[in-house]
Amino acid sequence: MATFLYKLGRLAFRRRHFVALLWVALLTLAGVGAASAPAAGSSSFSIPGTEAQKAFDLLEQRYPGMSADGATARVVFKAPEGEKMADAANKAVVEKTVQELGDGSEVVSVSDPFTTNAVSKDGTVAYASVTYKVPAMELKDSSREALETTAHKAQDAGLTVEMGGDALQAEPETAVAGEIIGLAIAAVVLVVTLGSLVAAGLPLLTAIIGVGIGVSTITALANALDLGDTTSTLALMIGLAVGIDYALFIVSRYRSELAEGRGREEAVGRAVGTAGSAVVFAGLTVVIALAGLAVVNVPMLTKMGLAAAGTVVIAVLIALTMIPALLGYAGRKVRPAGEKGKLLGRGRAKGSAQESAQEAAEATGGKTGEESVKAGKGSAGEAAVGKPSMGTRWASFVVRRPIAVLLFGVVGLGAIALPATQLELGLPDDGSQPTSTTQRQAYDLLSDGFGPGFNGPLMVVVDAKDSASPQEAATAVSDEIKGLKDVVTVTPATFNKAGDTAMITVIPKSKPSSTQTEDLVHSIRDAGAGVTADTDAKVLVTGATAMNIDFSQKLTDALIPYLALVVGLAFLLLIVIFRSILVPLKAALGFLLSVLAALGAVVAVFQWGWLAGLIGVEETGPIMSMMPIFMVGVVFGLAMDYEVFLVTRMREAYVHGENPNQAVVTGFRYSARVVAAAAAIMMAVFAGFIGSGESMIKMIGFGLAIAVFFDAFVVRMAIVPAVLALLGDKAWWLPKWLDRALPNVDVEGEGLRAHDDAARKAAEGEDDEDRELVRA
């Protein structure tokens with residue numbers, strides 16, 4: 001692997017014009033495809049295998065033209081103080097509003113609150129339901145504007161009017177300002193880490209190109225593959241983070257190789273051969289984690305995972321090819337490690353021994369790494385070991401006090417993870433909207449007028465096709481439900497034209513996201529089983545509330561199999577990389593600790609409301625159902641990135657003869673600063689999405705940012721070196737039979753050392769021949 005990537009890096013360096021044109025052509029092609037592709041329609045949300053989905057599909061089949069997936073809206077009216085909705089003037093305003101709402105070209109039906117008994121018991125609140133032909137994301141802007149305009153007219157007439165429902169759902173807002181701030185922070189970190197604007201600009205440029213190709217491709221295929229807006233958001237989030245990080249690792253290694261006195265082409269080859277190998281395997285772990293989301297069998301999650309995985313593959317390929325090409329263009333503007341440019345002040349005087357050694361190496365074409373190393377030993381090598389860096393000092397402290405550091409890290413993260421034991425899952429509804437929105441105010445008006453359960457009605461579908469008496473079956477279902485706890489209203493059964501299927505609406509007493517409503521759904525299903533046994537009619541419960549409950553349960557059931565698959569595959573991959581059993585085991589356990597701590601922080605902020613004001617969380621509530629499994633997938637991939645980049649450098653030192661503790665310190669000396677910078681960049685990119693107006697994106701951004709912080713700075717930089725120091729040589733133990741069976745991927749660059757030895761022997765052979773000729 002290292003030798004192949006070494007050759008690839010040098011080839012890209014020499015053929016830089018071709019490589020750059022190739023990536024620019026791909027970006028242009030993807031951009032043209034995105035611009036010319038038809039607009040994406042609605043991304044259908046389905047949960048195969050659940051009862052709620054089966055009922056939904058049955059309704060589509062048995063009630064043709066019903067538009068079961070069509071957008072809906074509720075226009076809620078409240079009478080002025082001291083008046084009733086039935087008063088002549090107020091009633092006239094409502095009836096006029098209902099008539100105007102029905103004039104829309106995409107409207108299927110509008111209910112009149114005075115004919116459907118949609119007026120509260122105290123007579124002060126009423127509502128009209130609007131049903132549309134098309135799903136919410138396909139609704140024309142003109143239809144939304146007509147809805148809002150008509151409602152405002154009623155408000156001008158003296159009524160309080162608020163609106164709810166998915167018809168008001170526009171395309172999710174993207175936190176553009178937050179993303180720009182995140183990129184700006186990333187740029188500052190890169191400049192500080194790499195010492196110059198040019199060197200800092202390379203990772204940013206290549207990450208933007210990679211994300212541009214990935215997101216443009218997703219946009220071009222969105223209509224054909226039914227991809228939603230969150231698909232490209234996740235690809236953008238992950239693509240930017242890993243794209244910058246992977247490029248940073250290669251550029252940083254390139255600067256280290258220059259500091260050893262190697263020529264630029266040779267330094268590029270070695271950077272791609274060593275750091276590039278780590279990039280390949282780190283990218284593989286991320287791809288495994290994201291693609292593994294397909295195990296959950298929720299189409300939306302599968303598409304999000306595969307699209308983001310594709311963007312990660314692009315980021316890896318760009319880091320391995322375009323970075324070497326751009327380094328060729330940059331020339332001397334990218335300086336050796338320790339030597340800063342004019343922006344931050346020069347680290348060494350011009351004409352130093354190190355620079356002379358580098359120029360001498362370049363004069364020979366940089367073809368023999370061994371000679372280059374010898375040239376740099378008296379300068380860069382001494383400078384490298386002169387004043388210990390912060391990473392070196394920290395690693396030295398950890399290996400002296402491993403038990404204290406280990407206990408502090410584990411206990412600290414364990415304490416932060418405690419709120420995760422109170423995790424409540426659900427999907428956001430209008431009740432989770434900020435109190436300033438019309439959706440939330442409509443939700444509150446309906447709760448006050450009709451009860452909290454009115455915002456989450458349950459739809460019971462009676463499939464009586466095999467029943468001898470459909471009417472009796474529907475009546476039996478209604479009677480059973482009326483006798484259940486926490487039921488407020490059960491509407492009469494509504495049959496389809498064929499008379500073999502009935503719909504019954506059930507209004508719970510509790511709000512949609514409560515455990516009481518969840519218990520009621522299970523109770524109805526249990527009661528339905530008895531009715532089925534007596535009448536042969538199947539009873540199914542659906543509706544938005546039941547769909548959310550089934551979705552949460554499906555994700556919970558899939559979490560363990562998903563963990564087993566992803567962690568298992570990555571465990572095997574890490575065994576191949578590190579030639580060890582205990583190091584991959586430690587990596588997996590450390591990941592579980594960091595992701596649990598991150599979930600604890602998410603619960604504390606978004607469910608309990610701790611420090612919620614700092615990140616703009618206006619309304620607390622249940623955690624999004626997909627958050628645990630989503631964080632497991634994404635954070636696992638990113639956590640393994642830091643594990644690979646940090647520990648491969650330690651193993652490289654160990655393989656080259658250093659004792660275990662010294663190998664830990666050496667690994668930190670060369671990689672801790674870069675890993676810390678990479679984590680800071682990733683946190684900045686993810687934190688940029690906290691400013692999104694979409695609660696789901698805000699929660700994902702916060703969760704991933706805090707997870708990266710815990711994993712990079714606590715687990716990888718404290719717990720990992722402490723464990724390695726305690727294990728000593730045992731950390732790198734591998735059974736001999738397994739060592740023989742595993743492929744040798746050579747992440748440490750042993751093949752490059754053999755390449756140096758061969759080159760040195762060849763050079764020595766030429767010198768011997770020259771001496772023989774002189775003697776002759």
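This is a friendly dialogue on how to read some features of this structure.

Q: What kind of model is this, and how are its residues numbered?
A: It is a predicted model, in which local features need pLDDT of at least 70, side-chain atom pairs count only at pLDDT 80 or more, and totals for chains, interfaces and linings use all residues. Residues are numbered from 1 along each chain as its sequence is written, and side-chain values use heavy atoms, with hydrogens and water left out.

Q: How many helices and strands does the protein have?
A: Helices (H or I, at least four residues) and strands (E, at least two) are DSSP runs, numbered from the N terminus. In this protein there are 24 helices and 11 strands.

Q: What share of the residues is buried?
A: Buried means under 20% relative accessible area, exposed means over 50%, and partly exposed is in between, with a 1.4 Å probe and protein chains only. Of the 776 residues in the protein, 55% are buried. The accessible surface (Shrake-Rupley method, 1.4 Å probe; for residues, only the protein chains shown count as cover) comes to about 32,800 Å², and 59% of this surface belongs to carbon and sulfur atoms.

Q: Which residues have the most contacts inside the largest nonpolar core?
A: In soluble globular proteins, nonpolar side chains tend to be buried together. A nonpolar core is a set of buried Ala, Val, Leu, Ile, Met, Phe, Trp, Tyr and Cys residues joined through side-chain atoms within 4.5 Å. The largest one here has 192 residues, and Tyr246, Phe591 and Phe686 have the most contacts inside it. Helix α22 gives the largest share of this core, 20 residues. Apart from it lies another core of 26 residues, including Phe77, Val93, Val161 and Ala167.

Q: What does Phe686 touch?
A: Contact means heavy atoms within 4.5 Å. Leaving out residues up to four places away in sequence, Phe686 touches Met237, Ile238, Ala241, Leu638, Gly701, Leu704, Ala705 and Val708. For the protein, 79% of the contacts between residues at least 6 apart in sequence join residues at least 24 apart.

Q: At what angle do α14 and α22 pack?
A: Two packed helices are described by the angle between their axes and the distance between the axes. Axes are lines fitted to C-alpha atoms, for helices over the stretch in contact, and angles run from 0 to 180 degrees between N-to-C directions. Helix α14 (residues 402-417) packs with helix α22 (residues 695-727) at about 145 degrees, and their axes are 8 Å apart. The contact includes Leu406, Val410 and Leu413 of α14 and Phe710, Val714 and Ala718 of α22. Ala, Val, Leu, Ile, Met, Phe, Trp, Tyr, Cys and Pro count as nonpolar, Asp, Glu, Lys and Arg as charged, and the others, Gly among them, as polar. By these classes, the contact of α14 with α22 has 16 nonpolar, 1 polar and no charged residues.

Q: How do α19 and α22 pack?
A: Helix α19 (residues 582-607) and α22 pack at an angle of about 145 degrees, with axes 8 Å apart. Their contact has 22 nonpolar, 3 polar and 4 charged residues.

Q: Is Arg253 buried or exposed?
A: Arg253 counts as buried because its relative accessibility is 9%. Arg253 is in helix α8 (residues 229-259). Not counting residues up to four places away in sequence, Arg253 touches Ala271, Thr274, Ala275, Arg649 and Glu652. The C-alpha atoms of Arg253 and Ala271 are separated by 5.2 Å, although the two residues are 18 apart along the chain.

Q: Where is Val298 found?
A: Val298 is in the loop between α9 (264-291) and α10 (299-330). With a relative accessible area of 0%, Val298 is buried. Val298 and Ile47 are 251 residues apart in sequence, and 5.5 Å apart in space from C-alpha to C-alpha. Beyond residues up to four places away in sequence, Val298 touches Ser46, Ile47, Phe551 and Lys554.

Q: What is the phi of Arg579?
A: Arg579 has a positive phi of about 50 degrees although it is not a glycine. Arg579 lies in the loop between α18 (544-578) and α19, and at 12% relative accessibility Arg579 counts as buried. Leu611, also not a glycine, has a positive phi near 55 degrees. Leu611 lies in the loop between α19 and β11 (623-624), and counts as exposed at 64% relative accessibility.
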